[in-house]
Amino acid sequence: MNVDLKNSGLVVSEDLLRLFEGIGEGVIVTNRFGEIVGMNSAAEAMFGLSKEMNIHKNSAILLNGLCDPDTKKQVLPPNLPFNQTIATERPVESREFLVRRPDGKEFYVQISTSPFFGDDNALAGTLGILIDVSNRRRLEETLTQRNLQLSAINRIATLLNRTIDFREVLEYSVRQTMDIFTGDAGAVLLPDKAGRRIYVAASANLGEEFLSEVHGSEVASTIFGRVLRLATVESVSRSENFEWMPRSMKKSPFASVVVFPLRAKGRSVGVGALFSESERVLEDAQREIMEGIGTVIGAAIENSRLHEETIQKTRLLESKNKELQQFTYAITHDLKSPILVIEGFARELKRSGRLEVEQDVLIDAIMNSSARLHSLVNDLLDLARVGSVETVIEETDVGELVNRVLSDLSIRLAEKKIKVTLDGNFPKLYLVARYVERIFTNLIDNAIKYMGDQPNPQLTIGANDKGDHYLLFVRDNGIGIPQEFHERIFAIFQRVKTSDTEKVEGSGLGLAFVKKIVELSGGTVWVESAGKGKGSSFYFTLPKQ
Ligand code: ADP
(Lines give C-alpha, C1' and ligand atoms only; values in the text may rest on other atoms or scores of the structure.)
Protein backbone atom coordinates (compact mmCIF):
# COMPACT_ATOMS: atom_id res chain seq x y z
CA MET A 1 0.00 0.00 0.00
CA ASN A 2 1.36 3.27 -1.11
CA VAL A 3 0.24 5.97 1.30
CA ASP A 4 1.43 9.53 1.27
CA LEU A 5 0.95 10.06 4.97
CA LYS A 6 2.68 13.35 5.07
CA ASN A 7 0.13 15.05 2.85
CA SER A 8 -2.86 12.99 3.81
CA GLY A 9 -3.44 14.25 7.23
CA LEU A 10 -4.61 10.71 7.94
CA VAL A 11 -3.47 8.13 10.36
CA VAL A 12 -3.67 4.70 8.79
CA SER A 13 -2.56 1.77 10.90
CA GLU A 14 -0.08 -0.83 9.59
CA ASP A 15 -2.72 -3.54 10.08
CA LEU A 16 -5.18 -1.68 7.93
CA LEU A 17 -2.58 -1.20 5.22
CA ARG A 18 -1.83 -4.93 5.19
CA LEU A 19 -5.55 -5.63 5.04
CA PHE A 20 -5.95 -3.39 1.95
CA GLU A 21 -3.02 -5.09 0.30
CA GLY A 22 -4.65 -8.47 0.84
CA ILE A 23 -7.81 -7.43 -0.99
CA GLY A 24 -7.70 -8.69 -4.55
CA GLU A 25 -9.50 -5.61 -5.91
CA GLY A 26 -8.10 -2.10 -6.20
CA VAL A 27 -8.33 0.11 -3.14
CA ILE A 28 -7.96 3.90 -3.24
CA VAL A 29 -8.01 6.17 -0.22
CA THR A 30 -8.66 9.90 -0.57
CA ASN A 31 -8.46 12.68 2.00
CA ARG A 32 -11.47 14.83 2.70
CA PHE A 33 -10.52 17.07 -0.24
CA GLY A 34 -10.87 14.21 -2.67
CA GLU A 35 -7.14 13.92 -3.33
CA ILE A 36 -5.76 10.42 -3.59
CA VAL A 37 -3.54 9.71 -0.66
CA GLY A 38 -3.12 5.98 -0.97
CA MET A 39 -3.74 2.99 -3.17
CA ASN A 40 -2.94 -0.71 -2.98
CA SER A 41 -0.83 -2.54 -5.55
CA ALA A 42 -3.94 -3.82 -7.35
CA ALA A 43 -5.08 -0.24 -7.94
CA GLU A 44 -1.57 0.80 -8.98
CA ALA A 45 -1.49 -2.02 -11.50
CA MET A 46 -4.85 -0.91 -12.90
CA PHE A 47 -3.58 2.61 -13.48
CA GLY A 48 -0.13 1.47 -14.58
CA LEU A 49 1.67 3.31 -11.79
CA SER A 50 4.99 2.48 -10.25
CA LYS A 51 5.68 2.48 -6.51
CA GLU A 52 7.96 5.44 -6.89
CA MET A 53 5.35 7.74 -8.36
CA ASN A 54 4.07 10.48 -6.21
CA ILE A 55 0.43 9.57 -6.22
CA HIS A 56 -0.59 12.69 -4.47
CA LYS A 57 0.77 14.73 -7.34
CA ASN A 58 -0.84 12.42 -9.86
CA SER A 59 -4.16 12.36 -8.10
CA ALA A 60 -5.77 14.91 -10.38
CA ILE A 61 -4.43 13.19 -13.50
CA LEU A 62 -5.80 9.84 -12.37
CA LEU A 63 -9.19 11.13 -11.49
CA ASN A 64 -9.40 13.25 -14.63
CA GLY A 65 -9.08 10.07 -16.61
CA LEU A 66 -12.49 8.81 -15.46
CA CYS A 67 -15.02 8.98 -18.29
CA ASP A 68 -18.66 8.08 -18.74
CA PRO A 69 -18.68 4.53 -20.20
CA ASP A 70 -21.49 5.31 -22.68
CA THR A 71 -20.69 8.82 -23.90
CA LYS A 72 -16.91 8.35 -23.32
CA LYS A 73 -16.84 11.96 -22.05
CA GLN A 74 -14.80 12.98 -19.03
CA VAL A 75 -16.75 12.98 -15.77
CA LEU A 76 -16.73 16.36 -14.04
CA PRO A 77 -15.12 16.38 -10.54
CA PRO A 78 -18.37 16.93 -8.57
CA ASN A 79 -19.77 13.79 -10.18
CA LEU A 80 -16.91 11.52 -9.18
CA PRO A 81 -17.98 9.00 -6.53
CA PHE A 82 -15.20 10.11 -4.13
CA ASN A 83 -16.39 13.71 -4.24
CA GLN A 84 -20.02 12.68 -3.96
CA THR A 85 -19.22 10.67 -0.86
CA ILE A 86 -17.36 13.66 0.57
CA ALA A 87 -20.28 15.98 -0.19
CA THR A 88 -22.96 13.68 1.23
CA GLU A 89 -20.86 11.70 3.74
CA ARG A 90 -22.65 8.65 2.38
CA PRO A 91 -21.50 5.68 0.32
CA VAL A 92 -21.83 5.61 -3.46
CA GLU A 93 -22.32 2.13 -4.86
CA SER A 94 -21.09 0.37 -7.96
CA ARG A 95 -20.78 3.09 -10.57
CA GLU A 96 -19.00 2.22 -13.78
CA PHE A 97 -16.41 4.31 -15.58
CA LEU A 98 -14.18 4.12 -18.57
CA VAL A 99 -10.64 4.89 -17.46
CA ARG A 100 -8.20 6.53 -19.86
CA ARG A 101 -4.79 5.90 -18.41
CA PRO A 102 -2.07 8.49 -18.83
CA ASP A 103 -0.24 5.96 -21.03
CA GLY A 104 -3.22 5.79 -23.41
CA LYS A 105 -4.55 2.38 -22.33
CA GLU A 106 -8.25 2.07 -21.54
CA PHE A 107 -10.20 -0.11 -19.15
CA TYR A 108 -13.59 -0.24 -17.47
CA VAL A 109 -13.87 -0.04 -13.72
CA GLN A 110 -16.67 -0.28 -11.20
CA ILE A 111 -16.14 2.00 -8.19
CA SER A 112 -17.88 1.92 -4.80
CA THR A 113 -16.92 4.56 -2.26
CA SER A 114 -17.59 4.93 1.46
CA PRO A 115 -16.77 7.74 3.86
CA PHE A 116 -14.60 7.25 6.93
CA PHE A 117 -14.41 9.40 9.99
CA GLY A 118 -11.69 10.54 12.41
CA ASP A 119 -11.65 10.39 16.20
CA ASP A 120 -13.51 13.68 16.31
CA ASN A 121 -16.30 12.05 14.22
CA ALA A 122 -15.53 14.51 11.45
CA LEU A 123 -15.15 13.22 7.87
CA ALA A 124 -11.55 12.16 7.33
CA GLY A 125 -11.67 10.85 3.77
CA THR A 126 -13.08 8.20 1.48
CA LEU A 127 -12.29 4.62 0.70
CA GLY A 128 -12.91 3.40 -2.81
CA ILE A 129 -13.02 -0.21 -3.99
CA LEU A 130 -12.26 -0.58 -7.70
CA ILE A 131 -13.18 -3.69 -9.70
CA ASP A 132 -11.93 -4.08 -13.26
CA VAL A 133 -15.03 -4.95 -15.33
CA SER A 134 -13.39 -4.65 -18.75
CA ASN A 135 -13.93 -8.31 -19.62
CA ARG A 136 -17.58 -8.20 -18.75
CA ARG A 137 -18.06 -4.93 -20.67
CA ARG A 138 -16.26 -6.30 -23.70
CA LEU A 139 -18.44 -9.39 -23.59
CA GLU A 140 -21.51 -7.19 -23.33
CA GLU A 141 -20.34 -5.11 -26.25
CA THR A 142 -19.76 -8.22 -28.36
CA LEU A 143 -23.21 -9.45 -27.40
CA THR A 144 -24.81 -6.13 -28.33
CA GLN A 145 -22.90 -6.16 -31.61
CA ARG A 146 -24.05 -9.75 -32.26
CA ASN A 147 -27.62 -8.73 -31.50
CA LEU A 148 -27.44 -5.87 -33.96
CA GLN A 149 -26.04 -8.23 -36.58
CA LEU A 150 -28.67 -10.85 -35.97
CA SER A 151 -31.46 -8.32 -36.12
CA ALA A 152 -30.00 -6.98 -39.39
CA ILE A 153 -29.95 -10.50 -40.84
CA ASN A 154 -33.42 -11.07 -39.48
CA ARG A 155 -34.69 -7.83 -41.04
CA ILE A 156 -33.37 -8.69 -44.47
CA ALA A 157 -34.65 -12.28 -44.19
CA THR A 158 -38.13 -11.08 -43.23
CA LEU A 159 -38.20 -8.65 -46.12
CA LEU A 160 -36.96 -11.20 -48.62
CA ASN A 161 -39.52 -13.69 -47.33
CA ARG A 162 -42.29 -11.36 -48.41
CA THR A 163 -41.58 -11.86 -52.08
CA ILE A 164 -40.73 -14.67 -54.42
CA ASP A 165 -40.42 -12.35 -57.41
CA PHE A 166 -36.88 -12.56 -58.80
CA ARG A 167 -36.53 -8.85 -59.64
CA GLU A 168 -37.93 -7.76 -56.30
CA VAL A 169 -35.57 -10.08 -54.43
CA LEU A 170 -32.59 -8.53 -56.24
CA GLU A 171 -33.72 -4.96 -55.68
CA TYR A 172 -34.56 -5.49 -52.00
CA SER A 173 -31.15 -7.10 -51.51
CA VAL A 174 -29.30 -4.11 -52.94
CA ARG A 175 -31.33 -1.56 -51.01
CA GLN A 176 -31.23 -3.46 -47.73
CA THR A 177 -27.49 -4.07 -47.70
CA MET A 178 -26.89 -0.40 -48.48
CA ASP A 179 -29.18 0.47 -45.60
CA ILE A 180 -27.63 -1.91 -43.06
CA PHE A 181 -24.01 -1.03 -43.87
CA THR A 182 -24.63 2.60 -44.83
CA GLY A 183 -23.25 2.16 -48.34
CA ASP A 184 -23.41 4.88 -50.99
CA ALA A 185 -24.07 2.46 -53.85
CA GLY A 186 -24.72 -1.24 -54.20
CA ALA A 187 -25.09 -4.07 -56.67
CA VAL A 188 -25.90 -7.74 -57.00
CA LEU A 189 -23.90 -9.56 -59.66
CA LEU A 190 -24.75 -12.99 -61.02
CA PRO A 191 -22.69 -15.30 -63.21
CA ASP A 192 -23.86 -16.83 -66.50
CA LYS A 193 -24.73 -20.54 -66.63
CA ALA A 194 -21.19 -21.57 -67.57
CA GLY A 195 -19.80 -19.45 -64.70
CA ARG A 196 -17.48 -17.67 -67.10
CA ARG A 197 -18.87 -14.15 -67.10
CA ILE A 198 -20.55 -12.07 -64.46
CA TYR A 199 -23.47 -9.66 -64.94
CA VAL A 200 -24.89 -6.79 -62.91
CA ALA A 201 -28.39 -8.08 -62.10
CA ALA A 202 -29.46 -5.12 -59.96
CA SER A 203 -27.76 -1.92 -58.84
CA ALA A 204 -28.29 1.43 -57.17
CA ASN A 205 -26.38 4.70 -57.60
CA LEU A 206 -23.76 3.24 -59.96
CA GLY A 207 -22.72 5.17 -63.06
CA GLU A 208 -23.03 3.97 -66.66
CA GLU A 209 -19.30 3.75 -67.04
CA PHE A 210 -18.93 1.32 -64.18
CA LEU A 211 -21.87 -0.80 -65.30
CA SER A 212 -20.55 -1.12 -68.84
CA GLU A 213 -17.09 -2.06 -67.57
CA VAL A 214 -18.29 -4.77 -65.20
CA HIS A 215 -21.44 -6.07 -66.91
CA GLY A 216 -20.46 -9.20 -68.82
CA SER A 217 -16.84 -9.10 -67.68
CA GLU A 218 -14.86 -12.31 -67.38
CA VAL A 219 -15.07 -13.91 -63.96
CA ALA A 220 -11.32 -14.34 -63.77
CA SER A 221 -10.64 -10.64 -64.31
CA THR A 222 -12.55 -8.81 -61.57
CA ILE A 223 -12.83 -8.65 -57.81
CA PHE A 224 -16.46 -9.77 -58.23
CA GLY A 225 -15.46 -12.94 -60.03
CA ARG A 226 -12.73 -13.52 -57.47
CA VAL A 227 -15.21 -13.41 -54.59
CA LEU A 228 -17.55 -15.67 -56.56
CA ARG A 229 -14.77 -18.24 -56.89
CA LEU A 230 -13.25 -17.94 -53.41
CA ALA A 231 -16.56 -17.41 -51.58
CA THR A 232 -14.91 -15.06 -49.06
CA VAL A 233 -15.66 -11.45 -48.21
CA GLU A 234 -13.08 -9.15 -49.85
CA SER A 235 -12.61 -5.45 -49.60
CA VAL A 236 -10.93 -3.20 -52.12
CA SER A 237 -9.98 0.40 -51.53
CA ARG A 238 -7.39 2.96 -52.51
CA SER A 239 -5.10 1.53 -49.83
CA GLU A 240 -6.08 -2.15 -49.89
CA ASN A 241 -6.04 -4.53 -52.91
CA PHE A 242 -5.96 -1.46 -55.15
CA GLU A 243 -4.99 -3.54 -58.16
CA TRP A 244 -8.38 -5.29 -58.02
CA MET A 245 -10.34 -2.05 -58.14
CA PRO A 246 -12.37 -1.72 -61.37
CA ARG A 247 -10.83 0.95 -63.65
CA SER A 248 -13.94 3.12 -63.80
CA MET A 249 -14.17 3.09 -60.02
CA LYS A 250 -10.77 4.68 -59.65
CA LYS A 251 -12.18 7.79 -61.34
CA SER A 252 -15.49 7.67 -59.43
CA PRO A 253 -16.31 9.22 -56.05
CA PHE A 254 -16.15 5.74 -54.49
CA ALA A 255 -13.09 5.04 -52.39
CA SER A 256 -13.86 1.46 -51.45
CA VAL A 257 -16.00 -1.53 -52.29
CA VAL A 258 -16.75 -4.57 -50.16
CA VAL A 259 -17.73 -7.67 -52.10
CA PHE A 260 -19.43 -10.60 -50.37
CA PRO A 261 -20.50 -13.99 -51.70
CA LEU A 262 -24.17 -14.92 -52.06
CA ARG A 263 -24.39 -18.57 -51.16
CA ALA A 264 -27.05 -21.24 -51.55
CA LYS A 265 -26.78 -25.00 -51.12
CA GLY A 266 -23.10 -24.71 -50.30
CA ARG A 267 -22.02 -22.85 -53.45
CA SER A 268 -21.76 -19.23 -54.61
CA VAL A 269 -24.70 -18.20 -56.72
CA GLY A 270 -23.55 -14.59 -57.07
CA VAL A 271 -21.96 -11.69 -55.20
CA GLY A 272 -23.16 -8.56 -53.46
CA ALA A 273 -21.16 -5.33 -53.65
CA LEU A 274 -21.29 -2.32 -51.38
CA PHE A 275 -19.61 0.92 -52.45
CA SER A 276 -18.56 3.75 -50.12
CA GLU A 277 -17.22 7.19 -50.74
CA SER A 278 -15.02 6.76 -47.68
CA GLU A 279 -12.41 4.07 -47.20
CA ARG A 280 -14.26 1.34 -45.37
CA VAL A 281 -12.24 -0.67 -42.90
CA LEU A 282 -13.84 -4.08 -42.70
CA GLU A 283 -14.06 -5.39 -39.15
CA ASP A 284 -14.28 -9.11 -38.43
CA ALA A 285 -17.76 -8.72 -37.04
CA GLN A 286 -18.92 -6.98 -40.23
CA ARG A 287 -17.31 -9.65 -42.33
CA GLU A 288 -19.32 -12.27 -40.47
CA ILE A 289 -22.59 -10.44 -40.80
CA MET A 290 -21.95 -9.96 -44.53
CA GLU A 291 -21.42 -13.68 -44.84
CA GLY A 292 -24.71 -14.23 -42.99
CA ILE A 293 -26.58 -11.77 -45.16
CA GLY A 294 -24.98 -13.31 -48.25
CA THR A 295 -26.47 -16.67 -47.29
CA VAL A 296 -29.91 -15.16 -46.75
CA ILE A 297 -29.82 -13.36 -50.11
CA GLY A 298 -28.36 -16.40 -51.88
CA ALA A 299 -31.20 -18.61 -50.65
CA ALA A 300 -33.80 -16.01 -51.63
CA ILE A 301 -32.32 -15.69 -55.13
CA GLU A 302 -32.24 -19.46 -55.56
CA ASN A 303 -35.85 -19.80 -54.39
CA SER A 304 -37.16 -17.06 -56.63
CA ARG A 305 -35.22 -18.52 -59.55
CA LEU A 306 -36.81 -21.94 -58.96
CA HIS A 307 -40.17 -20.26 -58.69
CA GLU A 308 -39.60 -18.43 -61.99
CA GLU A 309 -38.55 -21.68 -63.68
CA THR A 310 -41.63 -23.47 -62.33
CA ILE A 311 -43.88 -20.72 -63.67
CA GLN A 312 -42.25 -20.91 -67.08
CA LYS A 313 -42.50 -24.70 -67.18
CA THR A 314 -46.12 -24.58 -66.07
CA ARG A 315 -46.89 -22.06 -68.82
CA LEU A 316 -45.22 -24.32 -71.36
CA LEU A 317 -47.14 -27.33 -70.09
CA GLU A 318 -50.38 -25.39 -70.16
CA SER A 319 -49.87 -24.35 -73.75
CA LYS A 320 -48.86 -27.89 -74.78
CA ASN A 321 -51.91 -29.23 -72.97
CA LYS A 322 -54.15 -26.75 -74.75
CA GLU A 323 -52.61 -27.72 -78.07
CA LEU A 324 -53.23 -31.39 -77.32
CA GLN A 325 -56.81 -30.68 -76.33
CA GLN A 326 -57.43 -28.74 -79.52
CA PHE A 327 -55.86 -31.58 -81.48
CA THR A 328 -58.07 -34.22 -79.81
CA TYR A 329 -61.05 -32.03 -80.32
CA ALA A 330 -60.29 -31.48 -84.01
CA ILE A 331 -59.71 -35.19 -84.69
CA THR A 332 -62.80 -36.41 -82.86
CA HIS A 333 -64.83 -33.69 -84.47
CA ASP A 334 -63.62 -34.77 -87.92
CA LEU A 335 -64.41 -38.42 -87.12
CA LYS A 336 -68.00 -37.54 -86.44
CA SER A 337 -69.09 -36.82 -90.03
CA PRO A 338 -67.77 -40.04 -91.66
CA ILE A 339 -69.49 -42.02 -88.88
CA LEU A 340 -72.72 -40.20 -89.57
CA VAL A 341 -72.30 -41.01 -93.29
CA ILE A 342 -71.72 -44.73 -92.52
CA GLU A 343 -74.72 -44.78 -90.20
CA GLY A 344 -76.87 -43.02 -92.84
CA PHE A 345 -75.94 -45.33 -95.71
CA ALA A 346 -76.39 -48.47 -93.57
CA ARG A 347 -79.84 -47.24 -92.56
CA GLU A 348 -80.72 -46.53 -96.22
CA LEU A 349 -79.50 -49.95 -97.29
CA LYS A 350 -81.62 -51.65 -94.62
CA ARG A 351 -84.64 -49.57 -95.52
CA SER A 352 -84.32 -50.43 -99.26
CA GLY A 353 -85.44 -53.99 -98.38
CA ARG A 354 -83.27 -55.56 -101.07
CA LEU A 355 -81.07 -57.55 -98.69
CA GLU A 356 -80.56 -61.24 -98.13
CA VAL A 357 -80.90 -62.36 -94.48
CA GLU A 358 -77.15 -62.76 -94.11
CA GLN A 359 -76.51 -59.25 -95.47
CA ASP A 360 -79.13 -57.90 -93.11
CA VAL A 361 -77.24 -59.35 -90.13
CA LEU A 362 -74.01 -57.79 -91.40
CA ILE A 363 -75.64 -54.39 -91.84
CA ASP A 364 -76.96 -54.64 -88.24
CA ALA A 365 -73.42 -55.30 -87.06
CA ILE A 366 -72.18 -52.24 -89.00
CA MET A 367 -74.96 -50.12 -87.50
CA ASN A 368 -74.17 -51.33 -83.95
CA SER A 369 -70.48 -50.62 -84.33
CA SER A 370 -71.01 -47.19 -85.77
CA ALA A 371 -73.50 -46.37 -83.01
CA ARG A 372 -70.82 -47.27 -80.44
CA LEU A 373 -68.25 -45.29 -82.35
CA HIS A 374 -70.68 -42.39 -82.42
CA SER A 375 -71.16 -42.42 -78.66
CA LEU A 376 -67.41 -42.82 -78.09
CA VAL A 377 -66.69 -39.80 -80.26
CA ASN A 378 -69.38 -37.86 -78.41
CA ASP A 379 -67.82 -38.80 -75.07
CA LEU A 380 -64.36 -37.79 -76.27
CA LEU A 381 -65.70 -34.45 -77.48
CA ASP A 382 -67.39 -33.93 -74.12
CA LEU A 383 -64.19 -34.78 -72.27
CA ALA A 384 -62.20 -32.33 -74.39
CA ARG A 385 -64.81 -29.66 -73.72
CA VAL A 386 -64.70 -29.94 -69.90
CA GLY A 387 -63.07 -26.83 -68.57
CA SER A 388 -62.60 -25.21 -71.96
CA VAL A 389 -66.16 -24.01 -72.52
CA GLU A 390 -68.00 -21.47 -70.42
CA THR A 391 -69.79 -23.04 -67.48
CA VAL A 392 -72.30 -21.76 -64.96
CA ILE A 393 -71.43 -22.00 -61.30
CA GLU A 394 -74.59 -22.17 -59.19
CA GLU A 395 -75.64 -23.16 -55.70
CA THR A 396 -76.25 -26.87 -55.92
CA ASP A 397 -77.82 -29.17 -53.38
CA VAL A 398 -75.59 -32.23 -53.74
CA GLY A 399 -78.15 -34.46 -51.95
CA GLU A 400 -80.87 -33.55 -54.46
CA LEU A 401 -78.43 -34.10 -57.29
CA VAL A 402 -77.52 -37.60 -56.05
CA ASN A 403 -81.21 -38.52 -55.76
CA ARG A 404 -81.80 -37.34 -59.33
CA VAL A 405 -78.96 -39.55 -60.59
CA LEU A 406 -80.30 -42.52 -58.57
CA SER A 407 -83.73 -42.04 -60.03
CA ASP A 408 -82.31 -41.88 -63.58
CA LEU A 409 -80.54 -45.18 -62.92
CA SER A 410 -83.40 -46.73 -60.90
CA ILE A 411 -84.37 -49.36 -63.50
CA ARG A 412 -80.84 -50.77 -63.65
CA LEU A 413 -80.47 -50.63 -59.87
CA ALA A 414 -83.72 -52.53 -59.48
CA GLU A 415 -82.74 -55.08 -62.14
CA LYS A 416 -79.62 -55.96 -60.15
CA LYS A 417 -81.48 -55.72 -56.81
CA ILE A 418 -78.93 -53.27 -55.44
CA LYS A 419 -79.62 -51.89 -51.98
CA VAL A 420 -78.79 -48.17 -51.91
CA THR A 421 -77.83 -46.33 -48.72
CA LEU A 422 -77.17 -42.60 -48.32
CA ASP A 423 -74.67 -41.82 -45.58
CA GLY A 424 -73.92 -38.42 -43.95
CA ASN A 425 -75.13 -34.90 -44.72
CA PHE A 426 -74.86 -33.78 -48.31
CA PRO A 427 -73.76 -30.17 -48.62
CA LYS A 428 -74.95 -27.29 -50.74
CA LEU A 429 -72.02 -26.07 -52.81
CA TYR A 430 -71.27 -23.49 -55.45
CA LEU A 431 -70.26 -25.56 -58.44
CA VAL A 432 -71.13 -26.58 -61.96
CA ALA A 433 -74.12 -28.84 -61.28
CA ARG A 434 -73.85 -30.58 -64.65
CA TYR A 435 -70.27 -31.62 -63.88
CA VAL A 436 -70.99 -32.99 -60.42
CA GLU A 437 -73.98 -34.85 -61.79
CA ARG A 438 -71.62 -36.42 -64.31
CA ILE A 439 -69.24 -37.53 -61.53
CA PHE A 440 -72.02 -39.31 -59.62
CA THR A 441 -73.55 -40.76 -62.81
CA ASN A 442 -70.22 -42.25 -63.87
CA LEU A 443 -69.35 -43.62 -60.43
CA ILE A 444 -72.80 -45.08 -59.71
CA ASP A 445 -73.02 -46.44 -63.26
CA ASN A 446 -69.67 -48.20 -62.72
CA ALA A 447 -70.81 -49.60 -59.36
CA ILE A 448 -73.79 -51.16 -61.16
CA LYS A 449 -71.70 -52.38 -64.11
CA TYR A 450 -68.97 -53.92 -61.99
CA MET A 451 -71.15 -55.47 -59.27
CA GLY A 452 -70.38 -58.97 -60.64
CA ASP A 453 -72.47 -61.85 -59.25
CA GLN A 454 -72.57 -60.48 -55.73
CA PRO A 455 -75.60 -62.15 -54.03
CA ASN A 456 -76.18 -59.21 -51.70
CA PRO A 457 -75.32 -56.12 -53.81
CA GLN A 458 -74.97 -52.87 -51.92
CA LEU A 459 -74.23 -49.30 -52.89
CA THR A 460 -73.45 -46.52 -50.38
CA ILE A 461 -73.13 -42.87 -51.32
CA GLY A 462 -71.89 -40.52 -48.64
CA ALA A 463 -70.53 -37.10 -47.68
CA ASN A 464 -68.40 -35.89 -44.78
CA ASP A 465 -67.59 -32.33 -43.73
CA LYS A 466 -63.78 -32.07 -43.38
CA GLY A 467 -63.49 -28.41 -42.38
CA ASP A 468 -62.26 -26.63 -45.49
CA HIS A 469 -63.58 -29.28 -47.88
CA TYR A 470 -66.13 -32.07 -48.26
CA LEU A 471 -65.18 -35.68 -48.74
CA LEU A 472 -67.68 -37.59 -50.90
CA PHE A 473 -67.69 -41.27 -51.74
CA VAL A 474 -69.42 -43.97 -53.76
CA ARG A 475 -68.90 -47.46 -52.34
CA ASP A 476 -69.93 -50.85 -53.72
CA ASN A 477 -69.33 -54.46 -52.74
CA GLY A 478 -68.74 -55.62 -56.31
CA ILE A 479 -65.79 -57.19 -58.12
CA GLY A 480 -63.17 -54.87 -56.64
CA ILE A 481 -60.02 -53.50 -58.32
CA PRO A 482 -56.51 -55.01 -58.03
CA GLN A 483 -54.03 -52.63 -56.37
CA GLU A 484 -51.87 -52.16 -59.49
CA PHE A 485 -54.83 -50.57 -61.34
CA HIS A 486 -55.78 -48.03 -58.67
CA GLU A 487 -54.00 -45.13 -60.39
CA ARG A 488 -54.18 -46.28 -63.96
CA ILE A 489 -57.97 -46.57 -64.25
CA PHE A 490 -58.27 -42.76 -64.05
CA ALA A 491 -56.36 -42.36 -67.30
CA ILE A 492 -58.15 -42.24 -70.62
CA PHE A 493 -59.03 -45.66 -72.24
CA GLN A 494 -57.61 -47.62 -69.27
CA ARG A 495 -59.69 -50.63 -68.22
CA VAL A 496 -59.01 -53.56 -65.95
CA LYS A 497 -58.82 -56.73 -68.03
CA THR A 498 -59.97 -59.76 -66.03
CA SER A 499 -62.55 -62.50 -66.52
CA ASP A 500 -64.92 -60.36 -64.37
CA THR A 501 -64.76 -57.32 -66.64
CA GLU A 502 -64.55 -59.13 -69.98
CA LYS A 503 -68.24 -58.96 -70.74
CA VAL A 504 -68.81 -55.48 -69.35
CA GLU A 505 -68.99 -52.85 -72.05
CA GLY A 506 -67.18 -49.59 -71.56
CA SER A 507 -64.99 -47.05 -73.24
CA GLY A 508 -62.50 -46.39 -70.44
CA LEU A 509 -63.50 -42.70 -70.42
CA GLY A 510 -65.80 -42.51 -67.39
CA LEU A 511 -63.16 -42.16 -64.66
CA ALA A 512 -61.04 -39.84 -66.82
CA PHE A 513 -64.09 -37.54 -66.80
CA VAL A 514 -64.42 -37.82 -63.04
CA LYS A 515 -60.73 -37.01 -62.50
CA LYS A 516 -60.75 -34.06 -64.85
CA ILE A 517 -63.87 -32.52 -63.30
CA VAL A 518 -62.74 -33.09 -59.69
CA GLU A 519 -59.30 -31.61 -60.33
CA LEU A 520 -60.77 -28.63 -62.17
CA SER A 521 -62.91 -27.97 -59.10
CA GLY A 522 -59.77 -27.99 -56.93
CA GLY A 523 -60.26 -31.45 -55.42
CA THR A 524 -58.64 -34.87 -55.65
CA VAL A 525 -60.00 -38.32 -56.45
CA TRP A 526 -58.80 -41.81 -55.59
CA VAL A 527 -60.01 -45.35 -55.19
CA GLU A 528 -59.66 -47.79 -52.33
CA SER A 529 -60.24 -51.49 -52.82
CA ALA A 530 -58.93 -54.50 -50.97
CA GLY A 531 -58.74 -56.35 -54.31
CA LYS A 532 -60.67 -58.87 -56.35
CA GLY A 533 -64.19 -59.51 -55.00
CA LYS A 534 -63.71 -57.05 -52.14
CA GLY A 535 -65.71 -54.10 -53.51
CA SER A 536 -64.47 -50.59 -54.37
CA SER A 537 -64.77 -47.17 -52.75
CA PHE A 538 -64.27 -44.09 -54.91
CA TYR A 539 -63.48 -40.96 -52.89
CA PHE A 540 -63.31 -37.37 -54.08
CA THR A 541 -62.99 -34.01 -52.37
CA LEU A 542 -64.68 -30.71 -53.19
CA PRO A 543 -63.35 -27.51 -51.63
CA LYS A 544 -65.85 -25.31 -49.81
CA GLN A 545 -64.64 -22.12 -51.46
P1 ADP B 1 -65.35 -47.97 -68.35
O2 ADP B 1 -66.07 -47.35 -69.47
O3 ADP B 1 -64.44 -49.08 -68.76
O4 ADP B 1 -66.22 -48.35 -67.22
P5 ADP B 1 -64.11 -46.10 -66.52
O6 ADP B 1 -63.12 -45.09 -66.82
O7 ADP B 1 -65.40 -45.68 -65.94
O8 ADP B 1 -64.33 -46.87 -67.89
O9 ADP B 1 -63.45 -47.19 -65.60
C10 ADP B 1 -62.17 -47.68 -65.89
C11 ADP B 1 -62.02 -49.08 -65.37
O12 ADP B 1 -62.01 -49.09 -63.94
C13 ADP B 1 -63.14 -49.99 -65.72
O14 ADP B 1 -62.95 -50.55 -66.99
C15 ADP B 1 -63.08 -51.03 -64.61
O16 ADP B 1 -62.13 -52.01 -64.96
C17 ADP B 1 -62.59 -50.25 -63.44
N18 ADP B 1 -63.70 -49.84 -62.55
C19 ADP B 1 -64.31 -48.65 -62.52
N20 ADP B 1 -65.25 -48.61 -61.55
C21 ADP B 1 -65.23 -49.81 -60.96
C22 ADP B 1 -65.96 -50.40 -59.87
N23 ADP B 1 -66.91 -49.73 -59.21
N24 ADP B 1 -65.65 -51.68 -59.53
C25 ADP B 1 -64.69 -52.35 -60.18
N26 ADP B 1 -63.96 -51.84 -61.20
C27 ADP B 1 -64.23 -50.60 -61.60
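**Pocket and sheet in a predicted model**

Visitor: Which residues are the closest to the centre of the largest pocket?
Guide: The pocket has a volume of about 850 Å³. Its lining counts 39 residues. Closest to the centre are Lys449, Tyr450, Gly506, Ser507 and Gly508.

Visitor: Which domains each give at least three residues to the lining?
Guide: By class, the lining has 15 nonpolar, 14 polar and 10 charged residues. At least three come from each of domain 3 (312-382) and domain 4 (394-543).

Visitor: Which are the edge strands of the open sheet of 5 strands?
Guide: The strand order is S15-S17-S18-S20-S19, and the pairing is mixed. An edge strand here pairs on one side only. That picks out strand S15 (419-424) and strand S19 (525-528).

Visitor: In S20, which residue is the bridge partner of Asp476?
Guide: Strand S18 covers residues 469-476, and strand S20 covers residues 536-543. They pair in the antiparallel sense over 8 bridges. The partner of Asp476 is Ser536.

Visitor: At about what angle to S15 does helix H13 run?
Guide: Neighbouring strands of the sheet are turned by 15° against each other on average, direction ignored. Helix H13 (residues 398-408) lies across S15, strand S17 (458-465) and S18. Its angle to S15 is about 175°.

How values were computed
Residues numbered from 1 in each chain as written. Predicted model: local features only at pLDDT ≥ 70, side-chain atom pairs only at ≥ 80, totals over all residues. Heavy atoms only, no water. Pairing = 2+ DSSP bridges. Helix = DSSP H or I, 4+ residues; strand = E, 2+ residues; numbered from the N terminus. Axes fitted to C-alpha atoms, helices over the stretch in contact; angles between N-to-C directions. Contact = heavy atoms within 4.5 Å. 1 Å grid on protein atoms, 1.4 Å probe; cavity = no way out; pocket = protein on both sides within 12 Å on 5 of 7 lines; lining within 4 Å. Points joined across faces, edges and corners; volume = space filled by probe spheres on them. Nonpolar A, V, L, I, M, F, W, Y, C, P; charged D, E, K, R; others polar. Domains from an automatic or database assignment.
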